[in-house]
Amino acid sequence: MKESKKVVTTEGTTQFSAELIAKMEEAKNCFPEGKEKSAILKILHLAQAEFGWLSVHSMDQIAEILRVEPIEVYEVATFYTMFHLEPVGKYVFEVCRTGPCMLVGSDQLIEYIGHKLNIGIGETTKDGLFTLKTAECLGGCGYGPLLQCRHRFHEHLTPEKIDSLIEQYQRGEIKPGAL
Amino acid sequence: MTNRKLLLEHLDVPGIQGIDAYVKHGGYASLKKALQKMSPDEVVEEVKKSGLRGRGGAGFPTGLKWSFLAKPEGIPRYLVCNADESEPGTFKDRYLMEKIPHLLVEGMILSSYALGAKTSYIYIRGEFMYVLEILQNAINEAYAKGYLGKNIFGSGFDHDLVITPGGGAYICGEETALLESLEGKRGNPRIKPPFPAVKGLWASPTVVNNVESIAAVVPIVRDGGDAYASIGIGKSTGTKLVSACGNLERPGVYEIELGLSVEEFIYGDNYCRGIAKGKKLKACVPGGSSVPILPHHLVTKTAAGEQRLMTYESLADGGFQSGSMLGSGGFIVFDEDQCIVRNTWNFTRFYAHESCGQCSPCREGTGWMEKVLHRLETGKGHLRDIDLLADINKKIEGNTICPLGDAAAWPVAAAIRHFRDEFEWHVTHPEEAQIRNYGLIQQPLVA
């Protein structure tokens, strides 16, 4: 399987710790023997929570943990939109842009955040702190406009709330949500 | 009309998220009753009698679905809960799971007993990680009390319940895509048959049910199927969670008795309290983004002038010509300032983004429609584009493995059917359309 590690980004930076591997093994145990691949999404989430994104190196390690071919991990990771396949900022703002949120001003909110952080959609601030992304329906339609960041929802957003949210993240006051 | 609550009855009880408060208010009594006094088939019978219909959107009778489950000897059977709530406009399951998690846990054990499943899975969308944590705590509490695990209530019934996250893919709300995803693969829907009831999770017989459907089994077993069926009208029995959003004075999740009038739901003090900021109603998508949009004159009344009710039948009255669907209960309301072309483009962009790419009509068609609609919305369209959209539509509908293709086609067809003049105005007044919205339609387009 080692041949597949064509793109190892910054050697060592996405090396799994023993602790992380233990969490992944635990996730595997939720499923019957021989069906451990079912834990792949949980494991991908765990890796992403650790490093912020999924490198090929991360996915290759997951393939070894699940005892599957690397392609089986790549094909899954590329299918699901929650996974970042390239480095992102420390805090990724994923703002819902679908119908119900649009009705209550998500377009204007996305524009405001981009203006405030001086970045476009998909871009990261120079200090590496924030990435702005749009997301399709996040399932909070009655509480929009809203965004998710590190498994937390921030709802009923206004420009004022965005200002204070950005400051709180800058000061490191908002911990990541549960995983 | 009365306003009985079967699911959210104890919503305001402090600590109802925890097992002690839940048990104190009658929680796990249905499970105990079923395990000690009823056979699995008797539970299925009560669910059939209740008339409960799948609350995920399709409205298929739950008891009937259960009765299709194959029961070959020596092969495990599974119950899978579809908690991948991602139909735009729908946020009721999230609410239920977050507020009263044990209702789903109890429903899962109870339904698994009825189906003979020793293990069940809750597949929850990855974005709801905080809800997953709440449910995991509830599951842990249930294990600690002996409601999960071995020999529950001394009945000899063993059960394990596992919860696992998705990764952000609307398509995984389709039951066979969900099963693929649960097996650790891309969420590509399977060709049916075989149906999951015969070959589902890991090729074993499987029932996939929506969160709300499973939760509803708890009051059905408690009160009996007949009592449940006595609520509602005709084949729309029981209560339904409706998530209301868009330009409403009081958006949110409401448990309604099926049969409530749409007018009461939108304008009533106990419900949404009218359109936000005193504006006028322009349109409504009553059952999640996939169902046809209704123009204002067909929202509270049918084309025949009868009062429109919150039932599967009444919302569908008039077919796709002048009706819509109850769907998932994702009730989206548009005020007079909203642009139908922009909204249709937005929804189509959603489907283009979420198409799994397996079937060409959906993969290509949703992308084409998105481009054409974007062209119209930005004032660069032609009148022939409107017919082109209708044409693409017909070529997607019915030509795909799963219903995502239909779900993408219907909203576009309905928007053109009811708001054609607004689409045309975007072509004939391209500059004006960039500055102001079309406003309300003046003349009913459907007789």
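**Figure 1. E136(A) is a buried residue in a loop of chain A**. In this predicted model, E136(A) has a relative accessible area of 7%, so it counts as buried (under 20% relative accessible area; exposed is over 50%, partly exposed in between; 1.4 Å probe, protein chains only). The loop runs between β2 (130–135) and β3 (147–149) of chain A. Helices (H or I, at least four residues) and strands (E, at least two) are DSSP runs, numbered from the N terminus. The side chains of E136(A) and R97(A) are joined by a polar contact of 2.7 Å. Such a contact is a pair of N or O atoms within 3.5 Å; within protein, one must be able to donate a hydrogen and the other to accept it, and residues adjacent in sequence count only if both atoms are side-chain atoms. Leaving aside neighbours within four places in sequence, E136(A) is in contact (heavy atoms within 4.5 Å) with residues including C96(A), R349(B) and H353(B).

**Figure 2. Strand β1 of chain B is largely enclosed**. Six of its six residues (78–83) are buried, so the rest of the structure largely encloses the strand. Y78(B), V80(B) and N82(B) point one way, and L79(B), C81(B) and A83(B) the other. In a regular strand the side chains alternate between the two faces of the sheet.

**Figure 3. β1(B) runs parallel to β2(B) and to β4(B)**. Two strands pair if DSSP finds at least two bridges between them. Six bridges join β1(B) to β2(B), residues 119–124. Five join β1(B) to β4(B), residues 206–210. N82(B) stands opposite Y123(B) in β2(B). Its bridge partner in β4(B) is N210(B).

Figure 4. Domain 1 spans 19–230 and domain 2 spans 233–335; the bounds come from an automatic or database domain assignment. Their C-alpha centres lie 27 Å apart. The contact takes 21 residues from domain 1 and 24 residues from domain 2. In domain 1, R53(B), R55(B) and F91(B) lose the most area to domain 2.

**Figure 5. A salt bridge joins E212(B) and K240(B)**. The N to O distance is 2.9 Å; a salt bridge is a side-chain nitrogen of Lys or Arg within 4 Å of a carboxyl oxygen of Asp or Glu. The count between domain 1 and domain 2 of chain B is two salt bridges.

**Notes.** Residues are numbered from 1 along each chain as its sequence is written, and chains are lettered from A in the order in which they are written. Local features need pLDDT of at least 70, side-chain atom pairs count only at pLDDT 80 or more, and totals for chains, interfaces and linings use all residues, while side-chain values use heavy atoms, with hydrogens and water left out.

Terms used. Buried area = accessible area lost by both parts, 1.4 Å probe.
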